[in-house]
Amino acid sequence: MNVSIGGVVAGEQVPVGSSLPNCPASTLSLKLESRKVAYEPGEKPSFKIVATNGSAKDCKADLGPKSVVLTVTDSESDEIWSSKDCPKIGPLLLKVPAGGTVTRTVTWDLTQSAPQCATPPPGKAKPGTYLVEAVAPGATVKQGQTSIRLDKD
């Protein structure tokens, strides 16, 4: 079943109790891409997490917001938003075909977040340059950072 949960998913979702083996860390690599370098005022940045299975066997990978953590930091290195702060979904297990890829697209709504669903500061992200980073314990992240610019009105 192809799904769209917490963004767009290009791949087959598998249930948590699936007998499909987990992708070994040694064969799974992740890459982070931004749809654009610069975003117009009010435009929501969109990021793709691409998982590649370097083995000869199908396996499953969790691309959910707590397993592949996206963070956005400002030019002062202050964390503005993180996918792990208050995720709306849990694990997102996807079948990664042998030698193939799956993609999850995550859109940032320009708001700030706060750990454990605490109330974040009000307002939207200001114009400027931001660093977006993907971290996935247990997987190789080949290209885990990208920068974006939010343009002024």
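**A chat about the chain**

Tutor: Thr 146 counts as buried, because its relative accessibility is 19% and the cut-off for buried is under 20%. Keep in mind that this is a predicted model.

Student: Okay. Which strand is Thr 146 found in?

Tutor: Strand β13, which covers residues 145–150.

Student: And what does Thr 146 touch, leaving out residues up to four places away in sequence?

Tutor: Five residues are listed: Leu 32, Ser 34, Tyr 130, Leu 131 and Val 132.

Student: What about Leu 150, buried or exposed?

Tutor: Buried, since its relative accessibility is 8%. Leu 150 is also found in strand β13.

Student: Which residues is Leu 150 in contact with, neighbours within four places aside?

Tutor: Tyr 39, Pro 45, Trp 108, Leu 110, Ala 125, Lys 126, Pro 127, Gly 128 and Tyr 130. Tyr 130 is also on the contact list of Thr 146.

Student: How far apart are Leu 150 and Val 37, in sequence and in space?

Tutor: They are 113 residues apart in sequence. In space, the C-alpha to C-alpha distance is 8.8 Å.

Student: Let's move to the sheet. What order do the strands take in it?

Tutor: The order is β4-β13-β11-β7-β8. These 5 strands form an open sheet, and the pairing is mixed.

Student: Which are the edge strands?

Tutor: β4 (38–39) and β8 (79–82). Each of them pairs on one side only.

Student: Remind me what holds strands of a sheet together?

Tutor: They pair through backbone hydrogen bonds, either parallel or antiparallel.

Student: So which sense do β7 and β11 use, parallel or antiparallel?

Tutor: Antiparallel, over 5 bridges. β7 is residues 69–73 and β11 is residues 128–135. In that pair, Val 69 stands opposite Val 135 in β11.

Student: How many helices and strands are there in the chain?

Tutor: There are 0 helices and 13 strands.

Student: Now zoom out. How does the radius of gyration of the chain fit with a compact globule?

Tutor: It agrees: a compact globule of 153 residues would have a radius near 15 Å, and the chain has 16 Å. Along its principal axes, the C-alpha trace spans about 50 × 30 × 25 Å.

Student: What share of the residues count as buried?

Tutor: 42% of the 153 residues. The chain exposes about 8300 Å², and carbon and sulfur atoms supply 52% of that area.

Student: What share of the contacts comes from residues 24 or more positions apart?

Tutor: 67%, among contacts with a separation of 6 or more.

Student: Last one: how far apart are the mean positions of the positive and negative charges?

Tutor: They are 6 Å apart, for 17 positive and 15 negative charges.

Key
Residues numbered from 1 in each chain as written. Predicted model: local features only at pLDDT ≥ 70, side-chain atom pairs only at ≥ 80, totals over all residues. Heavy atoms only, no water. Pairing = 2+ DSSP bridges. Helix = DSSP H or I, 4+ residues; strand = E, 2+ residues; numbered from the N terminus. Rg over C-alpha atoms; globule rule 2.2 N^0.38 Å. Buried < 20%, exposed > 50% of the residue type's maximum accessible area, 1.4 Å probe, protein only. Contact = heavy atoms within 4.5 Å. Areas by Shrake-Rupley, 256 points an atom, 1.4 Å probe, with all protein chains shown as cover. Lys, Arg positive; Asp, Glu negative; His and termini not counted. Charge placed at Lys NZ, Arg CZ, Asp CG, Glu CD.
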